[in-house]
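Subject: Structure for your review

Dear colleague,

Please find the structure below, together with its sequence. A summary of what was found follows it.

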Amino acid sequence: MAINWYPGHMHKAQKEIKEIMSDIDLIIEVLDARIPYSSENPMIASIRRDKPCIKLLNKSDLADEAITALWIEHFKSTKNTDAIAVNAKKTDAMQKLIKLCQELVPNKGSEGKPIRALIAGIPNVGKSTTINALAQRTIAKTGNEPAVTKSQQKINIGHNITLFDTPGMLWPKIENENSGYRLAVTGAIKETAFELDDIATYAGDYLLEAYPDVIQSRYEIEELAPNGYEFLEQVGKRRGCLRSGGRVEINKAAKILLTELREMVLGPISMETPEMCIAEQVEVDRI
Ligand code: GDP
């Protein structure tokens, strides 16, 4: 998947969303539960103003439950915002979402006029899977191939709710370099300006800090290295990624770590906490 966010392309998506916003009662913002801050599209917050919004923390099966709970609490403390964690691959998860839509727009829905909900999300976050689960039929193509030019879609999902799919492709938090790394670590963006070794080193640094016990037991390391790069060397040694002369093939070790992290071999892992991201945002705003 090669994704480029061109200014023209971003401008078009912004214009189209602005145009339909006045017809919308509620926004369902699909986020990756492992990176709820980095997988937000920065434009949505400014366009929606006080319109009710549900932060749908999808892929919650891959995230750390305790940290997801912190994120839910964080989002719920924001005006007109609610949040739930789901695994969109399980259709029964959608009942909770439908109930929340009805609660947030109480004067529409079960009786009277239909609720008009806009669903938004950056590529690969699970927006199509969510749409299909809500509609209980295949409407949107899922997988790793984002459709770049897509016309506005209106979908009746029953329960007196009409879903509007966002046109165009939304971009993540590209202004924050840390977010770029975390999007790459989780596989949300596959082609990035970062080298694989750098992405894995970033992951290593974070895991050493946040999940030392998990990596210590997975890679059977007696004493963990003090930084991500040296930790990668330890992983490489454990897994026999060695060149002649005994030097570690860092690239191979990087691949092992990222694959095991993305495929849940290390168990559910969250890559960011509200506290971390609030501090980062202060830095981003300052620059
Ligand atoms: P979109 O680009 O936002 O429309 O993303 P898709 O719906 O195509 O999903 C991207 C990938 O994530 C697909 O391989 C889905 O099967 C997978 N996926 C979607 N939701 C979940 C979830 O809740 N848990 C897990 N583990 N995978 C999911």
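Contact here means heavy atoms within 4.5 Å. This is a predicted model, in which local features need pLDDT of at least 70, side-chain atom pairs count only at pLDDT 80 or more, and totals for chains, interfaces and linings use all residues. Residues are numbered from 1 along each chain as its sequence is written, and side-chain values use heavy atoms, with hydrogens and water left out.

S270 lies in the loop between α10 (250-262) and α11 (274-286); helices are DSSP runs of H or I with at least four residues, numbered from the N terminus. Its relative accessible area is 0%, so S270 is buried (under 20% relative accessible area, whereas exposed is over 50% and partly exposed in between, with a 1.4 Å probe and protein chains only). The C-alpha atom of S270 is 9.8 Å from that of L207, although 63 residues separate the two along the chain.

The protein is divided into domain 1 (7-165) and domain 2 (195-286), with bounds that come from an automatic or database domain assignment. Their C-alpha centres lie 31 Å apart. At the interface, 15 residues of domain 1 are in contact with 14 residues of domain 2. The two domains bury about 1200 Å² between them, 58% of it on carbon and sulfur atoms; this is the accessible area (1.4 Å probe) that two parts lose on being put together, summed over both. Zero salt bridges are found across this interface (a side-chain nitrogen of Lys or Arg within 4 Å of a carboxyl oxygen of Asp or Glu).

Turning to aromatic rings, four aromatic pairs are found in the whole structure. Rings of Phe, Tyr and Trp (its six-membered ring) pair if their centres lie within 6.5 Å, and planes under 30 degrees apart count as stacked, over 60 as edge-to-face and the rest as tilted. The ring centres of Y219 and F231 are 6.0 Å apart and their planes are at 70 degrees, so this pair is edge-to-face. Y219 is in the loop between α8 (212-218) and α9 (228-238), while F231 is in helix α9, 12 residues apart. Both Y219 and F231 are buried.

Finally, T201 is found in helix α7 (residues 196-210). T201 is in contact with G228, Y229 and L232, leaving aside neighbours within four places in sequence.

Yours sincerely,
A colleague

Notes:
Helix = DSSP H or I, 4+ residues; strand = E, 2+ residues; numbered from the N terminus.
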